[in-house]
Amino acid sequence: MKILHTADWHIGKKLHKHELREDFDLFINWLIEYIKSENIDVLLISGDIFDLANPSSEARKQYYQALIKLQKLNCKIIATGGNHDSPSMLDAPKDLMKALDMEVIGGLPTDLEETLIPVYNRNQEIELVVAAISYLRDADLRSGAGASNYEDRLEAIREGIKNIFNSAAEICQEKYPEIPVIAMGHLYTAGIETSESERDIQIGNLAAFQASQFGEYFKYVALGHIHKPQRVNAGIPVLYSGSPIPLSFSERKDEKRVLVLDIEKGYEPESINLPNFRQLIRLSGNLEELQLKLNSLEHKSELTSLIEVDLVEEQYDAQKIYALDSMVNDFNREGFEIVKQRVQFRNRVKGAAELYKNEQHLEDLKPKDVFTELIARHEYSEQDRNEILAAFDEILEEVQSENTTE
């Protein structure tokens, strides 16, 4: 029996307002072909199916279309909810999903036994049990009960997570003796490497769960929540598959993958690299360097490459900000799109209060005094300086006239 572990689909995700719908569709197309060619028997999706708890109608449509395609493959689908998902929304079509041989568990059921899903082989014998445990919320863990301080509450959260997984293992031992069990989870474990796009859970991730507390009973633990694929230090295989597509620019260099287990050979997964459907590019430098880098870009992906531009200059200069805006607005290269721009001046004055000595108070100064002191610290030609001061006078006069009429 072959099992494929994936997670963190984040359907409906936007990256700097850019839709990632095409990225997800290409991943699903790849996944379908891989399941067919490798005869995958079970597909595990460990949480964060959607990016928002109340996804758009387009995101929901994309989700159901993906399930319809996957359901035709004679592959058992087991999915759990993550911290981004609405348990009630995922659980609503539960009976319909079951009829189509798909198990979707949005939130932790009252009866923990409902999370235990037997998987049958071609001889209709139970070959495997999956403990499909969704993201555990405070209500599931009862973390506030009896906690006298913040550290006690963190410890209660850790203990609550441990107890739920241990209880699932005990039920499996009693109900499915000698049947191997794989657990699914959506949580933050200690010692892992995060990216910019995970939302903090379990009190800002401070209640980091030690993976050793999963125990030794489970053959494999298929985790979601962390988008960078990685193994967790534990006595059994505990792995994050990571997200199948980059969800932030911090993930632009990650090798996206799915994990595949052939349980006839054991429970060490094989890492299957995913195609790179879209490049995420971050460029930094001064104006001249940025222009050169933009001109030398080469299109290497199926979808439009998205670019973040960071202007880095030594001295503050408003004209350079304007020049960057012009550069971005004039940029028109097929296959590329600038989605974000930032400006950093290394020697920029942090605030108007720093322009004056401590004994001087800003409220005692006139607006033009402050502005004149500010522009005196930058390198402008005499003509530019006079034009800037004239513009300031116009704005100041307009503001003062408006205040007078109010």
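**Figure 1. The largest pocket holds about 480 Å³ of space.** Seventeen residues, given here as 17, line this pocket. Those closest to its centre are Asp41, Asn74, Tyr120, Asn121 and Arg122. The model shown in this and the other views is predicted. Strand β7, residues 116-120, gives the largest share of the lining. That share is three residues. By class, the lining of the largest pocket splits into six nonpolar, five polar and six charged residues.

Figure 2. Two helices, α5 (138-141) and α6 (150-175), each supply at least two lining residues. Helix α6 gives the most, with six residues. Seven residues of this lining are nonpolar, four are polar and three are charged.

**Figure 3. One cavity of 30 Å³ or more turns up in a search of the whole structure.** The largest cavity has a volume of about 50 Å³. Trp9, His10, Ile11, Gly12 and Lys13 are among the residues that line the cavity. Glu19, Leu20, Arg21 and Phe24 also belong to the lining. Gln62 and Ile245 complete the list. By class, the cavity lining has five nonpolar, three polar and three charged residues.

**Figure 4. Asp310 sits in strand β16, which covers residues 305-313.** Is Asp310 buried or exposed? The relative accessible area of Asp310 is 14%. Buried means under 20%, so Asp310 counts as buried. The side chain of Asp310 makes a polar contact with the side chain of Arg342, at 2.8 Å.

**Figure 5. The surroundings of Asp310 include residues beyond its neighbours within four places in sequence.** With those neighbours set aside, Asp310 is in contact with Arg282, Leu283, Ser284 and Gly285, among others. Leu290 and Arg342 are also in contact with Asp310. For Arg342, the view includes the side-chain polar contact of 2.8 Å. Asp310 itself belongs to strand β16 and is buried.

Terms used. Residues numbered from 1 in each chain as written. Predicted model: local features only at pLDDT ≥ 70, side-chain atom pairs only at ≥ 80, totals over all residues. Heavy atoms only, no water. 1 Å grid on protein atoms, 1.4 Å probe; cavity = no way out; pocket = protein on both sides within 12 Å on 5 of 7 lines; lining within 4 Å. Points joined across faces, edges and corners; volume = space filled by probe spheres on them. Helix = DSSP H or I, 4+ residues; strand = E, 2+ residues; numbered from the N terminus. Nonpolar A, V, L, I, M, F, W, Y, C, P; charged D, E, K, R; others polar. Buried < 20%, exposed > 50% of the residue type's maximum accessible area, 1.4 Å probe, protein only. Polar contact = N/O pair within 3.5 Å; in protein donor to acceptor, adjacent residues only side chain to side chain. Contact = heavy atoms within 4.5 Å.
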